[in-house]
Amino acid sequence: MTGNLHEECGVFGIFAPETQDVAALAYYALYALQHRGQEGCGIAVNDDGLFHSYKDVGLVSDVFTPERLAALGPGSIAVGHTRYGTTGSSARDNCQPMVVNHVKGRMALSHNGNITNASELRRALELEGSIFHTTSDTEVISYVITKERLTAPSIEAAVSRAMDRLDGAYSLALMSPSKLIIARDPHGFRPLCVGRRPDGAYVAASESCALEAVQAAFLRDVEPGEILVFTRDGVRALREHCGTAPRRSCIFEHIYFARPDSVIDGVNVHEARLRAGACLAERHPADADVVIGVPDSGLDAALGFSKASGIPYEVGFIKNKYIGRTFISPGQSTRENLVKIKLNPISAVVRGRRVVMIDDSIVRGTTCARIVGLLREAGAREVHVRISAPPFRNPCYYGVDIDSRENLVACRYGVEEIARLLGADSLGYLPAEDLCRLIGTRRGEGYCSACFDGDYPTAVPREGEKNRFEYKISEAKKA
Ligand code: SF4
């Protein structure tokens with residue numbers, strides 16, 4: 001419940017030994033990855049080299065009616081995508097998978113992450129005559145791969161050569177007429193894992209919860225820098241990019257993005273959040289009667305705080321499950337009401353009590369202030385806010401849409417001032433030095449925490465805005 005912070009994207013791929021209803025399996029997997037992006041989604045199916053695809057803005061359940069799924073037909077390979085656009089607007093063209101025809105065949109591409117040198121690559125390609133149809137950096141990736149394919153002996157060799165040129169974050173699921181190829185950038189910013197179904201089909205997904213949704217047993221995480229090629233002859237790993245850069249998986253996946261039932265790089269997300277809560281109890285104890293969590297990603301950390309502190313955990317909020325992203329407020333003064341419609345405190349739990357409220361992060365502070373206000377209205381005697389992440393102070397260039405610095409409350413105020421703004425009796429953040437305890441490494445080892453500490457693992461892009469490839473006509477040069 002972070003307010004101005006958005007999920008990124010989810011990717012999925014399947015390679016089945018026989019033709020079957022791979023579209024339906026992709027649909028189930030995308031459902032499990034819906035939390036990673038609600039702006040749009042798509043599926044591309046490969047039936048013996050013929051591609052059928054559909055994509056649109058909206059939730060998986062809205063975009064894929066039974067008729068649309070059936071129209072995709074059976075196949076042996078499929079890729080899918082759920083989107084929250086971190087580069088490009090949310091128009092249908094920017095939805096994925098991106099299906100392209102090139103001189104050596106066809107390709108469908110799904111991407112999670114953000115390419116930090118996309119502007120430079122795009123400019124160079126445009127100067128060579130390339131014409132872009134979308135404003136997303138995924139099209140830049142597809143151009144780089146198809147261009148390399150002109151001289152590369154295979155599509156996987158083209159992907160490998162493209163990886164020499166791409167900087168930043170990318171977990172890819174790519175389908176050619178006869179292969180499924182998945183790849184993870186050498187830093188491993190975004191998660192990617194593989195599994196296998198009882199019928200022998202291989203599946204790959206951003207999170208292990210999507211493997212379970214299609215009855216696939218988890219095999220392993222894709223190594224940072226690794227390319228896996230699935231063909232009728234089996235699976236092949238290309239590892240020339242492995243170990244070329246330090247591992248920097250996004251720590252915020254464990255705090256907020258990922259589903260708690262997922263395992264990322266060997267760490268169970270639920271357990272990581274329990275540890276975050278325990279760290280908070282140790283670093284910022286509170287004299288209180290009850291611990292509650294803000295749904296959804298504050299709940300596990302609240303349980304961890306409770307276990308470590310001995311203060312009882314209770315369900316403090318009811319979240320309305322039926323509000324989709326298309327919810328439109330029909331009247332005035334709606335922002336106040338909106339939080340209450342989405343989230344309502346259980347007054348019997350908080351009335352007259354000293355409450356510890358755990359949330360996953362604070363962006364602008366406005367949403368958190370409203371939630372604290374709701375607890376006061378419900379009769380809470382004291383509200384002690386604990387945040388299972390350090391303060392946000394920097395933008396993310398790797399696929400997460402964090403607000404600009406001027407809007408980040410931690411860039412403008414100290415902890416005590418923020419507590420006052422929230423209307424809280426006290427406020428405590430997870431210390432940055434404790435992030436390593438979430439995933440069991442040493443400080444600064446194996447994870448990215450740049451949005452908290454500014455320690456960026458790559459050069460940062462000169463143009464980082466989400467809509468940097470969108471032009472107003474008045475800004476465009478005359479043709
Ligand atoms: Fe994750 Fe923050 Fe790094 Fe972005 S900057 S990859 S959100 S830890």
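**Before you start**

The model is predicted, and local features are given where pLDDT is at least 70, side-chain atom pairs at pLDDT 80 or more, while totals for chains, interfaces and linings use all residues. Residue numbers run from 1 along each chain as its sequence is written, and side-chain values use heavy atoms, with hydrogens and water left out. Helices (H or I, at least four residues) and strands (E, at least two) are DSSP runs numbered from the N terminus.

**Stop 1: the six-stranded sheet**

Begin with the open sheet, whose six strands come in the order E6-E7-E8-E9-E13-E14 with antiparallel pairing. Strands count as paired if DSSP finds at least two bridges between them. Select 98-102 for strand E6 and 234-238 for strand E14: these are the edge strands, each pairing on one side only. On average, neighbouring strands of this sheet are turned by 20° against each other, direction ignored.

Now pick residues 105-112 (strand E7) and 171-175 (strand E8), an antiparallel pair held over five bridges. Click on Ala108 and look across to E8, where Met175 is its bridge partner.

**Stop 2: helices on the sheet**

Angles here run from 0 to 180 degrees between N-to-C directions, and axes are lines fitted to C-alpha atoms, for helices over the stretch in contact. Contact means heavy atoms within 4.5 Å.

Next, select 155-165 for helix H6, which lies across E7, E8, strand E9 (180-184), strand E13 (227-231) and E14. Helix H6 runs at about 15° to E9.

**Stop 3: how H5 meets its helix neighbours**

Two packed helices are described by the angle between their axes and the distance between the axes. For H5 and H6 the angle is about 125° and the axes are 8 Å apart. H5 and H6 are therefore oblique to each other; under 35 degrees counts as roughly parallel, over 145 as roughly antiparallel, 65 to 115 as roughly perpendicular, and the rest as oblique. Show side chains for Val144, Ile145, Glu148 and Arg149 in H5, which meet residues of H6 including Ile155, Ala158 and Val159.

Then bring in residues 118-127, helix H4. The axes of H4 and H5 come within 10 Å and cross at roughly 55°, and the crossing is left-handed. On the H4 side the contact is made by Ala118, Leu121, Arg122 and Leu125; on the H5 side, by Asp137, Val140, Tyr143, Val144 and Lys147.

**Stop 4: the two sides of H15**

Jump to residues 415-422, helix H15, where Ile418, Ala419 and Leu422 are buried. Buried means under 20% relative accessible area, exposed over 50%, and partly exposed in between (1.4 Å probe, protein chains only).

Show what the buried residues of H15 pack against: helix H13 (366-377), strand E22 (382-387), helix H14 (409-412) and strand E24 (426-429). Just after H15, Gly423 has a positive phi of about 80°.

While H13 is displayed, select Leu374, which is found in that helix. Leu374 is buried, with a relative accessible area of 8%. Leaving aside neighbours within four places in sequence, Leu374 is in contact with Val339, Lys340, Leu343 and Pro345.

**Stop 5: backbone details in the loops**

Most residues other than glycine have a negative phi, and most peptide bonds are trans. Here are some places to check in this model.

- Gln96 to Pro97: the peptide bond is cis, with omega near 5°; Pro97 sits in the loop between strand E5 (75-83) and E6.
- Pro295 to Asp296: this peptide bond is cis too, with omega about -5°; Asp296 is in the loop between strand E18 (290-293) and helix H10 (299-309).
- Gln215: phi is positive, about 60°, although this is not a glycine; look in the loop between helix H7 (208-213) and strand E12 (217-221).
- Asp265: phi is positive, about 50°, although this is not a glycine; the loop lies between strand E16 (263-264) and strand E17 (267-268).

Conventions
A crossing is left-handed if the near helix is turned anticlockwise from the far one by less than a right angle, and right-handed if clockwise.
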